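Subject: Handing over a structure, with notes

Dear colleague,

My notes follow it, arranged by topic, and I would be glad if you read them with the structure open.

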Amino acid sequence: MRNQCWSKGLVVILMSVFGLAFAFHARPAAAQHTAASAGDTQRDPAEPAQGMPHAKILPRPRGAVARQSVDEKSMRALIEKLVGCGTRSTLSSWSDPKLGAGCGRDQIVARFNEIAKDSGGKLQVVVDKFEMTAERTAGKPVPLENVYAIVPGTDPKLAKTVFLVSGHFDSRPSNVMDPAADAPGADDDGSGVAVSVESARLLSKASANGKGYRATLLFAAVSGEEQGLLGSTHLLDWLKQQGYTVGGMLDDDIVGADPAPGAPHRVRLFSGNGEIEDCVSPSRELARAVEEIDGRSAIRLIFRVDRYGRGGDHYPFYKAGLPAVRFTEPLENYDHQHQTPRTENGVEYGDFAKYLNFAFMGNVARDNAEALRQLALAPAAPTDAKLAGAVTPDAKVSWSAEDDPERAGFEILCRETTEPRWQVYDFVPSAGQTVLKGVSTDNHFFAVRAVGKNGARSIAVVTEIERRPSPLPTKR
Ligand SMILES: [Zn+2]
């Protein structure tokens, strides 16, 4: 095989993810019709001609969240309690302890408090009360509440960077403006709330046992999603008011069911393209990071901001240019979403717990928790990543970073413009400029990420090219 950026790098990165030198052979036969084979790449000039550098690859941080440590029983118990509130419509009662949104809030706060007790005081529970007006509040201000559980970061420079996971605890019947009809909302989005809460248990426990996380972790259960993403929009404002920078946001919405034969399947992970050329967005980089942490057997990347015609709580973060992605189950059944419970022509409608698959949901909880763990252990992402060297034989990648004694260095990443995933091109110990000798600026995309001495990686930061004047004739 030719020593090219994309081909050798692929082996290196697969080895680092799976620890398998033979992962190349596992490629499905169908993909081989379209993917460039080693033979095809020999039809291209070697790049760089002298061969790739031998990048040092640090192993990922030890102490991964184990699948068997996920408490599926508690996830089920929480969802059943939420369903027991009858409805959790944002427009329903916030004060009735047995029926309505306030009942839902109480179940989540009680569970977070139980978890906080076991965390040795590491987990702080916050109920955030606010008011919002929107089309789906009939233009009138309505009260809302979000619940947060927070594990503060231990690194003074990173404690104001927050990695969060969120599910929404409000639910809706067929008519989104009806606060009285039953709306069990087991999957949408009791499942996402259960994933967020279980992630808090898994990670606050780990934090209590050993060293803390460098960055802050926040586990959210928000309201107002069905009324137009009100709770998450407020959450973003709240984070800014508290002085946090969003390092990454994982939205879990409809992550509970997996009815197709062969379950559990991979969870889908949606990430937007960004709105500039080359499909560059921090959200896409967060998605790539999650896939690399959890593995391709766990995560199905979907390069689209959300399903067609649908929205979710990652959207306000995404629109603000922040890294935000959405987890959603592999195959949705629309009879069990946004439906007032009823039977019509022998079809049962309604979002009940009996349709959930806890083996699948437990996988989702593990994968969220492990992604958050590694991201919160990582050094800060580099800044000012730039690519220069157009119309020269060498690509020049430069970036900045603050001093960090816990950082081992940086990985320079590259990919073919048609490849969805990054390859590690080289490892360098310090920030500044690196010249990729004999590598064209034109045939690849480039990015940089920071690597901790513990092996945790920041999300990748794509290099920006210097903008040149348009080649079109200037208007006279
Ligand atoms: Zn939802």
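Helices (H or I, at least four residues) and strands (E, at least two) are DSSP runs, numbered from the N terminus. In those terms, Val-391 lies in the loop between S11 and strand S12 (395-400). Please keep in mind throughout that this is a predicted model.

Let me stay with Val-391 for a moment, as the backbone there deserves a look. Although Val-391 is not a glycine, its phi is positive, at about 60°, and with a relative accessibility of 77% the residue counts as exposed. A positive phi, of about 50°, is also found at Asp-384, again not a glycine; Asp-384 is placed in strand S11 (residues 383-388) and, at 48% relative accessibility, counts as partly exposed. As background, most residues other than glycine have a negative phi, and most peptide bonds are trans.

Glu-47 and Pro-48 are joined by a cis peptide bond, with omega at about -5°, and Pro-48 belongs to the loop between H2 and H3. A cis peptide bond also joins Ala-263 and Pro-264, where omega is about 0°, and Pro-264 sits in the loop between strand S5 (245-252) and strand S6 (267-270).

Next come the nonpolar cores. The largest of them has 64 residues, and those with the most contacts inside it are Ile-108, Phe-112, Leu-123, Leu-217, Phe-219 and Leu-250. H9 supplies the largest share of this core, namely 10 residues. Apart from it lies another core, of 17 residues, which includes Leu-235, Trp-238, Phe-317 and Leu-322. In soluble globular proteins, nonpolar side chains tend to be buried together.

In one, the axes of helix H7 (residues 282-294) and helix H9 (residues 358-376) come within 9 Å and cross at roughly 110°, which makes H7 roughly perpendicular to H9. On the H7 side the contact involves Leu-286, Val-290, Ile-293 and Asp-294, which meet Arg-366, Asp-367, Glu-370, Ala-371, Gln-374 and Leu-375 in H9. Sorted by class, the residues of this contact are 5 nonpolar, 1 polar and 4 charged.

In the other crossing, the axes of H3 and H9 come within 10 Å and meet at an angle of roughly 105°. Angles of 65 to 115 degrees count as roughly perpendicular, and H3 and H9 are therefore roughly perpendicular to each other. Here Glu-72, Met-75, Arg-76 and Ile-79 of H3 make the contact with Phe-358, Ala-359, Met-361, Gly-362 and Ala-365 of H9. By class, the contact of H3 with H9 has 6 nonpolar, 1 polar and 2 charged residues.

How many disulfides does the count come to? The count comes to 1 disulfide, and Cys-85 and Cys-103 are the residues joined, with an S to S distance of 2.0 Å. Cys-85 lies in the loop between helix H3 (72-83) and helix H4 (101-118), while Cys-103 lies in helix H4, so the pair ties together parts that are 18 residues apart in sequence. The torsion about their S-S bond is about -75°, so the disulfide is left-handed. Both Cys-85 and Cys-103 are buried.

Two further residues complete these notes. Ser-69 is in the loop between helix H2 (38-41) and H3 and, at 31% relative accessibility, counts as partly exposed. From Ser-69 to Ala-447 the separation is 378 residues in sequence and 35 Å in space, C-alpha to C-alpha.

With kind regards

Technical notes:
Residues are numbered from 1 along each chain as its sequence is written. This is a predicted model: local features need pLDDT of at least 70, side-chain atom pairs count only at pLDDT 80 or more; totals for chains, interfaces and linings use all residues. Side-chain values use heavy atoms; hydrogens and water are left out. Axes are lines fitted to C-alpha atoms, for helices over the stretch in contact, and angles run from 0 to 180 degrees between N-to-C directions. Angles under 35 degrees count as roughly parallel, over 145 as roughly antiparallel, 65 to 115 as roughly perpendicular and the rest as oblique. Contact means heavy atoms within 4.5 Å. Ala, Val, Leu, Ile, Met, Phe, Trp, Tyr, Cys and Pro count as nonpolar, Asp, Glu, Lys and Arg as charged, and the others, Gly among them, as polar. A nonpolar core is a set of buried Ala, Val, Leu, Ile, Met, Phe, Trp, Tyr and Cys residues joined through side-chain atoms within 4.5 Å. Buried means under 20% relative accessible area, exposed over 50%, partly exposed in between (1.4 Å probe, protein chains only). A disulfide is a pair of cysteine sulfur atoms within 2.5 Å.
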